[in-house]
Amino acid sequence: MEAQKTLDARGLKCPMPIVKAKKEIDATPPGDVLKVIATDPGSVLDFQGWIKTSTNYELLQQEEGKDEQGRKTFIHYLRRKS
Amino acid sequence: MMTTPRELFERLHAPDPPLILDVRNKEEFARWKIEGPQMPETLNIPYFAFIEDEEASVAKVKSWIAGRSRDVVVVCAKGDSSEFVAEILKAHGIASRNLSGGMVQWGRDEIFRPIPTPSPLRIWQANRFGKGCLSYMIARGQDAVIVDPHRQIDDYRDFASRQGLVVRGVFDTHLHADHVSGAPTIARAEKIPYWGNPTDFTGAAFDFVPVQDGARLRIGEIELMPVEVLHSPGHTPGSTCLLVNRGYLLTGDTLFVSGVGRPDLGGHALEWGRDLYKTIHDRLRGVGDDVQVLPAHSSGPLEQRPDGTVAARLGDLRAKNPSMRLDEESFLREAESAAGHAPVQYARIRRVNLGDPASADELIELELGKNECAMSRR
């Protein structure tokens, strides 16, 4: 998936991935996609829960991957609606 | 300000327990939460709701507290998001403490409590309250044996050294499925025997000393303490009870204060159920009513005695334990109806307990949640 911006949240423990994602997406132009790369497995359910608390963001997709250091990553694609 | 799981657990015994604000997502909250002898009043507002709308979330907390003078303990999975929320609450003038280490630590910590015994025998029950797991340290003189140790082996080491004890051996009453055993690690580190019934432990990747029905616990030729081994199949085929000093029966997952161990975890509810029925009625027949039953699980805070230990007279269990009161047919019906609800990670925990390697992160994940080893109507 294409993203206009990427936030590297690897190695961060909760609540930091969402604290930073919130800041980042509020600074993103409406319609743009923000890609957040996290290593915390808890981020999968937490991003789903967080997005539901707001009417202004969408969670487009979540996927798992591996980074160059072999760490398991959890990638979240967000879009600001307006 | 923070509070440890042990402090919180003790406070849940007191007349004015704190309010619990759980800031995990609702899925994790539904799966496992803080419980105590008194059920605390608990509210779930995920931490991300505080990030998204701090004012509205704080207002919810304020209306929940509703002017009461009780403090709030904030809880999350590992203790970081709860610290973040506790700081927000403090900034809004709400007295709050963070549960350090979160639910992971809540599920890990133990409290050692003495079981009253005649000298020179001493027994302590280690209550891992968050998971409802019980383990034991039995001592005579300086010599100690640990039964069903959890993987926080430093807790046992520290306790033994504070009491001036030398741990001579470790025993598992059966191959555990709900938690990772600390026995192989202690045995390897201290170069002491790990005793277990071969029916459960054959094929293990580590050395163990097989003990059969009727055996005594010996190191070489020396009998450490008067412990008789009683094979008690049912929960697992190799389940074993230990009769200590003819006065204390460590029952593992065979018999609990208000139930019995599930015979369905191996996928043979009827067959193992028949074994369990025979065990609790025929095999334990020779054990006297005055013997104290010391189980490996607590099924709930109500099982605690006033001194905080989880134990009961065998005679009282024969009279009152609902599963012991059933005839064989109803017992087997109950065993069958309990079947099929085992947590998915139990198969993997059994393999780890036979020596399969696992990473530190995996061990934490595997052990999340309360034990589900008791047979009960669900």
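How many of the five residues of strand S9 (residues 143–147) of chain B are buried? The answer is four, and strand S9 of chain B is therefore described as mostly covered. The model discussed here is a predicted one. Chain B has an average pLDDT of 93, and 99% of its residues score at least 70. For the complex, the predictor gives an ipTM of 0.94 and a pTM of 0.89.

S8(B) and S9(B) form a hairpin, with two residues between the strands. Gly141(B) lies in the turn and has a positive phi of about 60°.

Together with helix H7 (residues 153–162) of chain B, strands S9(B) and S10(B) make a right-handed β-α-β unit.

From here the reader may turn to Met225(B), which belongs to strand S14 of chain B. Apart from neighbours within four places in sequence, Met225(B) is in contact with Ile138(B), Arg140(B), Asp143(B) and Val145(B).

Strand S14 of chain B is part of an open sheet of six strands, whose order is S13-S14-S15-S16-S18-S19 and whose pairing is mixed. Strand S13 (216–219) and strand S19 (312–313) of chain B stand at the edges; each has a single partner strand, so one side of each is left without a neighbour in the sheet. Inside this sheet, strand S14 (residues 222–231) and strand S15 (residues 240–244) of chain B run antiparallel and are joined by five bridges. Leu230(B) in this pair stands opposite Cys241(B).

Another open sheet in chain B has five strands in the order S1-S5-S4-S2-S3, with parallel pairing. Its edge strands are S1 (2–3) and S3 (42–44) of chain B, each of which pairs on one side only. Strand S4 (residues 72–75) and strand S5 (residues 96–99) of chain B run parallel and are joined by three bridges. Val73(B) has Arg97(B) in S5(B) as its bridge partner. Across S4 and S5 of chain B lies helix H5 (residues 81–91) of chain B, which runs at about 175° to S5(B).

The last step is the interface between the chains. Here 13 residues of chain A are in contact with 15 residues of chain B. On the side of chain A that touches chain B, the elements giving two or more residues are helix H1 (16–26) and helix H2 (43–52) of chain A. Helix H2 of chain A supplies the largest share, four residues. By class, this side of chain A has six nonpolar, four polar and three charged residues.

Definitions and conventions
Residues numbered from 1 in each chain as written. Chains lettered and ligands numbered in written order. Predicted model: local features only at pLDDT ≥ 70, side-chain atom pairs only at ≥ 80, totals over all residues. Pairing = 2+ DSSP bridges. Contact = placed C-beta atoms within 7 Å. Axes fitted to C-alpha atoms, helices over the stretch in contact; angles between N-to-C directions. pLDDT = per-residue confidence, 0-100. Nonpolar A, V, L, I, M, F, W, Y, C, P; charged D, E, K, R; others polar. Buried ≥ 20, exposed ≤ 12 C-beta atoms within 10 Å, placed from the backbone. Right-handed = clockwise from strand over helix to strand, strands pointing away.
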